Amino acid sequence: MITSLIAGIFREIAKILELKGENVFRIRAYERAAQNIESLSEDIQDIINENRLTEIPGIGKDLAEKIVEIATTGKLSFLEDMRRSLPPGMVGLLAIPSVGPKHAKLFYEKLGIKNSAELEKACREKKLLELSGIKEKTIENILQGIALVKKGRERMDLGTALTVANEFIAALKNATRITQLAVCGSLRRMKETIRDIDILVSSPNPQKIMEALAKLPQIKDSTAQGETKASVITQEGTQVDIRVVKEKSYGAALVYFTGSKNFNIKIRQRAMKYGLKVNEYGVFRIKNGKEKYISGKTEEAVFKSLGLSYIEPELREDAGEIELAATHRLPQLLTLADIKGDFHAHSRYSDGHNSIAEMAQCAKGLGYEYITISDHSQGLTIAKGLTLADLKKKKMEIENLNKTLKVCKVLFGSEVDIDSQGRLDYPDTVLADFDIVVAAIHTGFKQSKKQITKRLLAACKNEYVDIIAHPTGRLWGTRDAYEADFDDIFRAASDYGTALEINAYPLRLDLNDTYCRQAKKAGARLAISTDAHAVSQLQAMHLGVATARRGWLTKNDVLNSLSYGELIKTLKH
Ligand code: DGT
Ligand code: CA
């Protein structure tokens with residue numbers, strides 16, 4: 001998304017300026033610009049087209065020009081010059097969580113550390129301890145941060161991969177006429193993280209596609225180029241593999257390149273049992289040593305030839321789906337159209353960028369019947385948690401909105417912090433007043449498995465808690481999931497009628513697919529929420545739905561497939 005690209009570039013500039021010890025107002029100007037761009041309630045491309053950039057608070061002529069450059073070229077020469085002015089590798093240091101510009105500057109000036117590898121070495125050799133303010137714990141956090149970044153580099157989050165893929169496909173379609181094209185691989189299966197992007201095209205003239213591809217400005221490098229396939233690296237550094245096949249093989253190639261690898265192996269074995277052969281060109285009957293093409297044009301035809309019902313890409317992991325497809329007993333997976341509302345979103349009352357009315361208007365536009373505005377609770381001061389007086393004001397505002405908005409109900413909610421002992425951040429008398437209570441852990445991630453389990457169990461059992469938010473706390477590239485006994489938690493969620501969130505924020509996707517399936521088996525209900533802090537983030541619901549589908553969930557397993565009327569009857573209080 002262009003908005004996040006621009007905001008990301010401005011934040012990186014702010015960090016480099018801070019590293020260089022530049023004027024604090026200049027640094028803040030870039031940070032504020034990034035924040036204001038993220039909180040826009042309309043598409044920035046429209047603002048650019050209509051020449052209105054300078055109407056955005058904090059955007060003057062200079063920043064407006066930079067935004068236009070980014071929107072047109074996908075990069076900013078000013079940032080590239082700034083990066084070049086630093087010792088090589090230094091930019092990478094800034095990407096490590098728990099290493100801010102101040103630390104990076106200190107490490108460079110005192111120990112000559114210029115990149116992530118040197119920092120890792122200095123951590124292991126305890127050299128950092130010589131510096132003032134650096135403790136054993138800091139070193140431990142930095143090493144963890146380095147490991148997370150390495151992992152994050154190997155695999156992108158699903159949201160980023162979808163954005164890169166969509167931009168790439170749009171550019172390719174613009175460059176040449178294409179009849180059939182699909183994303184394959186882990187991205188089509190909507191895995192939570194993606195190593196590279198696989199694209200399949202059908203064309204009678206592969207050469208034309210390859211020529212158009214070679215000329216795309218999105219490509220930085222090409223690592224392999226054949227007559228019908230190519231591997232390229234985009235400007236962002238993502239690998240894209242492209243294959244061109246004939247129309248009669250398109251369906252078979254779709255099955256093959258969608259994978260997963262284990263799924264393909266099982267499919268091939270099944271084919272062999274029936275005297276068939278299946279590969280990326282089609283399904284063939286083998287008779288007297290000869291191969292006869294029987295299908296391959298569409299995926300449906302390929303599955304039918306193998307005696308299988310159609311298997312949705314999200315299920316193709318060899319986790320029992322082929323066996324069920326053989327007896328036509330696959331579950332009817334949840335779809336985005338089943339979703340009637342969102343349970344977890346923030347407004348300006350806490351740390352959101354939009355008003356309740358703006359969030360509700362957007363929810364209405366998405367066709368929802370309800371949206372919960374669940375701002376943070378009082379103890380979470382860092383996220384501007386709401387005091388009891390704030391709650392009163394917020395409740396009144398919601399009551400007034402509900403009188404005028406009609407179509408989309410605004411539910412009065414809170415994301416209530418679960419403290420280090422498992423207590424909730426408002427007393428029960430206050431909790432009882434909310435329409436929806438979402439409880440979550442925000443601190444003490446490093447507590448023992450036993451203690452974290454205890455905290456989550458206490459929240460599950462509270463009679464006012466409707467949903468446990470981001471139950472494992474994982475944040476891709478920044479923080480691993482904390483340890484807890486999720487079997488116990490899922491059982492308690494089922495026993496006490498507390499739903500478990502599938503947080504659709506792309507870096508979370510928490511619960512993940514595996515846990516969703518486990519939670520369902522334990523009898524728990526799931527609730528998909530975006531945790532949106534701005535109207536644009538409400539759009540991420542589809543990532544939560546994809547995760548639910550990968551977890552084999554149907555409409556009945558998910559709380560927000562209920563209509564407003566059904567929901568009110570189902571909630572705990
Ligand atoms: P990734 O890229 O690690 O996120 O995951 P995938 O699933 O996209 O894996 P990738 O890009 O290596 O390959 C794309 C698809 O091609 C994969 O899902 C299945 C198929 N494929 C790749 N290698 C093999 C193989 O050795 N055997 C079989 N049967 N299929 C393969
Ligand atoms: Ca792939």
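These legends describe close-up views of a predicted model.

**View 1. Calcium ion (ligand 2) and its protein donors.** In this predicted model, Asp-196 and Asp-198 coordinate the calcium ion (ligand 2) at 2.2 to 2.8 Å. Asp-196 contributes both its O atom and OD, while Asp-198 contributes OD. The ion has 6 donor atoms, and the angles among them run from 66 to 166°. The site is classed as irregular. Ideal angles for six octahedral donors are 90 or 180 degrees. Both Asp-196 and Asp-198 are buried.

**View 2. Residues surrounding ligand 1.** The shell around ligand 1 holds 16 residues. The closest are Arg-155, Ser-186, Arg-189, Arg-195 and Asp-196. Asp-196 is also one of the residues that coordinate the calcium ion (ligand 2). At least two shell residues come from each of helix 11 (185–188), helix 13 (250–258) and helix 14 (261–273).

**View 3. Polar contacts of ligand 1.** The side chain of Arg-195 places an N or O atom 2.8 Å from an oxygen atom of ligand 1. Thr-258 takes part through its backbone, where an N or O atom lies 3.4 Å from an oxygen atom of ligand 1. Asn-264 has a polar side-chain atom 3.2 Å from a nitrogen atom of ligand 1. On its own, ligand 1 has 590 Å² of accessible area, of which the protein covers 77%.

View 4. Asp-557 sits in the loop that runs between helix 23 (541–550) and helix 24 (564–570). Asp-557 counts as buried because its relative accessibility is 13%, with the limit for this class set at under 20%. Its side chain reaches the backbone nitrogen of Thr-554 at a distance of 2.8 Å.

**View 5. Gly-60 between helix 3 and helix 4.** Gly-60 is located in the loop joining helix 3 (44–49) to helix 4 (61–73). With a relative accessibility of 33%, Gly-60 counts as partly exposed, a class that lies between the 20% and 50% limits. Met-396 is 336 residues away from Gly-60 in sequence. In space, the C-alpha atoms of Gly-60 and Met-396 are 37 Å apart.

Terms used. Residues numbered from 1 in each chain as written. Chains lettered and ligands numbered in written order. Predicted model: local features only at pLDDT ≥ 70, side-chain atom pairs only at ≥ 80, totals over all residues. Heavy atoms only, no water. Donors = N, O, S within 2.8 Å, 3.2 Å for Na, K, Ca; no water. Tetrahedral: all angles 85-135°; square planar, octahedral: opposite > 155°, others 65-115°. Buried < 20%, exposed > 50% of the residue type's maximum accessible area, 1.4 Å probe, protein only. Near = heavy atom within 4 Å. Polar contact = N/O pair within 3.5 Å; in protein donor to acceptor, adjacent residues only side chain to side chain. Areas by Shrake-Rupley, 256 points an atom, 1.4 Å probe, with all protein chains shown as cover. Helix = DSSP H or I, 4+ residues; strand = E, 2+ residues; numbered from the N terminus.
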